[in-house]
Amino acid sequence: MARYAHIKDSVALITLTNPPVNALSAAVRHGITESVTRALRDPTVKAVVLCGENGKFCGGADIREFAGPMTGPAFVPMLDDIEAGDKPVVAAIEGMALGGGLELALCCHYRIAHSKARLGLPEVTLGLLPAAGGTQRLPRLIGIPASLELITTGRHISAQEALKLGIVDQVTDKNACEVAVEFAQRVMDKPLESRRVSQQTVQCPPDLEALLENTMVQVKKRARGAIAPVACVKAVRAAATLPYKQGMERERDMMGTLFNSGQARALQYFFFAQRAVGKWSLPSGACWNNTKPKPVHRAAVIGLGTMGRGITVSLVAAGVSVVAVEVGEKQLQAGKQMVMAILERQAQKKGVAAPLDLLRFSNNLKDIGGVDLVIEAVFEDMALKKQIFKELSSVCKIDTLLCTNTSGLDIDVLASITGRPQQVVGMHFFAPAHMMKLLEVVHGRHSSPEAVATAMSLGKKMGKVSVAVGNCPGFVGNRMLMPYVEQANFLLEEGATPEQVDQALEEFGFAMGVFRMSDLSGLDVGWRVRKEAGLTGPSVAATESPRKRQGRRYGPIADLICEQGRLGQKTGCGWYLYDRPGGREAKPDPWIRRFLEEYRTKHGLKARAIDKQEILDRCLFSLINEGFRALEDGIAAGPEDVDVIYVFGYSWPRHMGGPMFYAGMVGLARVLERLEHYHQAHPDVPSLQPSTLLRRLVASGSPPVQQWRGFIKRMRSQL
Ligand code: 3H9
């Protein structure tokens with residue numbers, strides 16, 4: 001786990017060997033301790049170089065070990081011993097030095113980094129803080145402001161930035177290990193006192209108190225209830241105000257609290273969930289490691305509305321050449337201007353030229369004949385999409401992949417219009433598509449494994465977190481959103497206000513409550529979907545009760561709001577009031593209050609006081625219940641898929657792990673009991689009826705979320 005070699009001219013080389021990222025498992029820590037002791041004892045060794053195998057220095061503590069009791073040598077004494085040793089230790093950083101990996105480098109006396117290496121203290125993203133001295137050594141090395149930024153965000157930085165900040169002593173394009181050995185030979189006789197970071201004094205800015213206070217305010221605002229970023233600020237404060245030893249005690253105490261917190265468990269689960277979704281599989285048995293994607297060099301985007309523009313930007317930024325098609329000349333020009341402006345802004349930030357040579361605009365579908373893949377991103381209108389898919393089928397070369405960005409329409413219907421249903425998949429991006437990380441890759445009944453693999457791989461190239469999902473109305477994300485929004489609407493009927501519902505959801509950790517979110521995306525989006533589904537509009541029989549559809553309770557409030565021309569931010573009013581069309585600041589609207597009162601009177605509803613807990617239980621548990629149904633149907637392959645979709649697409653707070661993980665945290669028995677309770681109170685709301693999967697999991701003793709995949713497989717095989 002750590003290889004020791006005594007190489008030329010009195011240098012010992014210690015290589016961490018724990019693929020894939022040389023994480024500091026108990027065995028590796030053991031290896032380091034033994035090797036360092038050996039080097040320090042050997043009189044022929046005058047200096048030590050520490051490096052990692054396969055061009056990777058170290059990815060930090062072994063996160064998998066956090067689930068069980070910690071064994072092996074403790075981190076802090078191991079690092080202290082290296083720093084206190086009387087022989088210079090040089091860290092040769094290739095690939096990455098993250099978390100405990102960077103802390104290991106910080107206790108070395110010198111650090112040489114390869115120019116492509118990435119460094120950082122990302123513990124905060126795992127619900128922790130850098131507790132092997134990171135919060136105490138880094139401020140001593142680079143000062144308080146830069147440390148606060150790096151430790152509270154967990155941002156990875158380049159070797160060049162690390163050099164500028166003073167984290168590393170040298171950056172090289174050559175083999176960092178060889179450079180470090182030469183370096184070690186030059187410094188082997190130099191005194192070490194000034195090289196021991198823990199012995200240095202922290203350079204504090206004169207406005208330290210104000211800086212710490214401001215940072216705390218900003219961090220709390222960004223954290224949305226996460227506790228680790230707050231602890232990180234406190235730990236850096238300790239570095240600034242206490243001697244090293246006491247600072248270390250503060251670091252250790254706070255780590256103790258964080259380590260055992262539910263948030264840390266949630267974030268560590270989420271770390272592995274993000275990686276699990278890349279390992280997709282289809283019911284046919286085809287999967288990520290037995291299916292090769294096709295290369296995509298040239299693509300077309302059809303439609304230059306908000307979605308088409310974002311998708312075009314993402315493709316071009318990923319190095320794919322794009323023909324963007326829009327039939328209306330005005331829309332084409334507006335889209336062109338916007339796409340070019342975004343690409344130029346992005347390039348300016350990076351200090352490079354915008355890749356505009358990859359971009360072509362056209363108002364003629366015939367111009368896309370030679371592309372490898374098309375993404376249709378027109379209005380959410382089935383008739384229009386069918387028309388386009390018919391045309392695509394005749395103008396594109398035979399092996400072109402045909403994708404749709406629909407947010408919930410039937411992929412199989414679109415596939416059936418083409419003569420090549422196996423080459424049709426959904427690529428559901430989220431707005432704004434050039435910024436949002438999530439991509440749902442929707443496989444229809446006939447989608448080929450190669451088509452799915454290609455869309456997944458293209459998503460990755462575009463920097464997205466891609467999740468493969470099955471085909472059903474709304475797929476996974478929007479399907480689960482429906483009962484959530486429905487409950488929010490029912491709560492208004494029963495006595496709540498939009499701001500009361502939003503406040504409860506925002507306090508839970510969502511970036512925006514359901515009504516503020518709806519105002520942002522436009523109320524007409526859902527209105528169109530409901531019209532298309534025959535829930536509102538001219539297709540509804542005049543004799544039908546406004547609060548019932550197909551024998552179920554229906555909440556028509558959102559339709560009535562839309563009928564008033566209140567479509568959200570873009571019209572200056574929706575569930576809230578804005579100072580102008582396009583305004584951002586939501587203010588409670590007395591009109592809505594009056595409207596709700598009149599509505600309740602008209603329908604004989606008596607408003608009652610609704611508390612925060614009921615709002616959360618009804619909105620979140622109905623959404624979770626639908627998640628269980630999506631798992632039961634096989635539309636979502638596993639709980640990780642649902643959770644990744646909700647965190648990246650719907651701003652579910654990451655420190656709550658995602659809806660399915662959260663259900664496990666709350667206790668499946670409690671979720672079931674609450675759903676039963678509310679379903680009894682509202683028997684005409686089917687989405688509150690607990691799913692079979694939830695019932696079975698509870699009956700089986702509520703196994704942890706990591707075991708649900710296997711449980712579902714067994715449950716299906718018994719059917
Ligand atoms: C810490 O250090 C605490 C300290 O302060 C000490 C306190 C006392 N452990 O991401 P990839 C696995 S906390 C275990 O696909 P990439 C990963 O699951 C730690 N496993 O590759 C995957 O496995 P699989 C602080 C790890 O090239 C495989 O390696 N460190 C660890 O896209 C490949 O990973 C961090 O937070 C780990 N530490 O990205 C760094 N790291 O193949 C976490 C990775 O079975 N790691 N694996 O799916 C990362 O950010 C990325 O993995 C990294 C590589 C950038 C390193």
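# Chat about a predicted model

Biologist: Which residues of H24 are buried?

Modeller: In H24 the buried ones are Pro639, Glu640, Asp641, Val642, Asp643, Val644, Ile645, Tyr646, Val647, Phe648, Gly649 and Tyr650. Buried means under 20% relative accessible area, exposed means over 50%, and partly exposed is in between, using a 1.4 Å probe and protein chains only. Bear in mind that this is a predicted model, where local features need pLDDT of at least 70 and side-chain atom pairs count only at pLDDT 80 or more, while totals for chains, interfaces and linings use all residues. Residues are numbered from 1 along each chain as its sequence is written, and side-chain values use heavy atoms, with hydrogens and water left out.

Biologist: Why is H24 largely enclosed by the rest of the structure?

Modeller: Because 12 of the 12 residues of H24 are buried. By the way, helices (H or I, at least four residues) and strands (E, at least two) are DSSP runs, numbered from the N terminus.

Biologist: What should H24 span, at 1.5 Å a residue?

Modeller: The 12 residues should span 16 Å, and the end C-alpha atoms of H24 are 16 Å apart, which agrees. The expected span is 1.5 Å times one less than the number of residues.

Biologist: And which residue follows H24?

Modeller: Ser651, with a positive phi near 60°, in a residue other than glycine. Ser651 sits in the loop between H24 (639-650) and helix H25 (659-666). Ser651 counts as buried because its relative accessibility is 13%.

Biologist: Which other residue has a positive phi although it is not a glycine?

Modeller: Phe475, at about 55°. Look in the loop between strand E17 (465-470) and helix H17 (477-494). Phe475 is at 0% relative accessibility, so this residue counts as buried too.

Biologist: New topic, the ligand. How many residues surround the ligand, and which are the closest?

Modeller: There are 26, and the closest are Gly100, Glu103, Glu123, Arg275 and Lys279.

Biologist: What lies 2.7 Å from an oxygen atom of the ligand?

Modeller: A polar side-chain atom of Glu123. Arg275 also has a polar side-chain atom 2.6 Å from an oxygen atom of the ligand. On the backbone side, a polar atom of Ile63 is 3.0 Å from a ligand nitrogen atom. The protein covers 74% of the 1,000 Å² of accessible area that the ligand has on its own. Those areas come from the Shrake-Rupley method with a 1.4 Å probe; for residues, only the protein chains shown count as cover.

Biologist: Where does the largest share of the shell come from?

Modeller: From H11, with 3 residues. Strand E5 (96-98), helix H3 (100-107) and helix H11 (262-276) each give at least two residues to the shell.

Biologist: What does the shell have by class?

Modeller: Its residues are 16 nonpolar, 4 polar and 6 charged. Here Ala, Val, Leu, Ile, Met, Phe, Trp, Tyr, Cys and Pro count as nonpolar, Asp, Glu, Lys and Arg as charged, and the others, Gly among them, as polar.

Biologist: Which peptide bond is cis, with omega near 10°?

Modeller: The one from Pro19 to Pro20. Pro20 is in the loop between strand E2 (11-16) and helix H1 (26-41). The bond from Ala431 to Pro432 is cis as well, with omega near -10°, and Pro432 is in the loop between strands E15 (424-429) and E16 (438-443).

Biologist: What does the side chain of Ser362 make a polar contact with?

Modeller: The side chain of Asp367, at 2.6 Å. A polar contact is a pair of N or O atoms within 3.5 Å; within protein, one must be able to donate a hydrogen and the other to accept it, and residues adjacent in sequence count only if both atoms are side-chain atoms. Ser362 is in strand E12 (residues 359-362) and, at 4% relative accessibility, counts as buried.

Biologist: Is Ser394 buried or exposed?

Modeller: Exposed, with a relative accessible area of 61%. Ser394 belongs to helix H14 (residues 382-395).

How values were computed:
Near = heavy atom within 4 Å.
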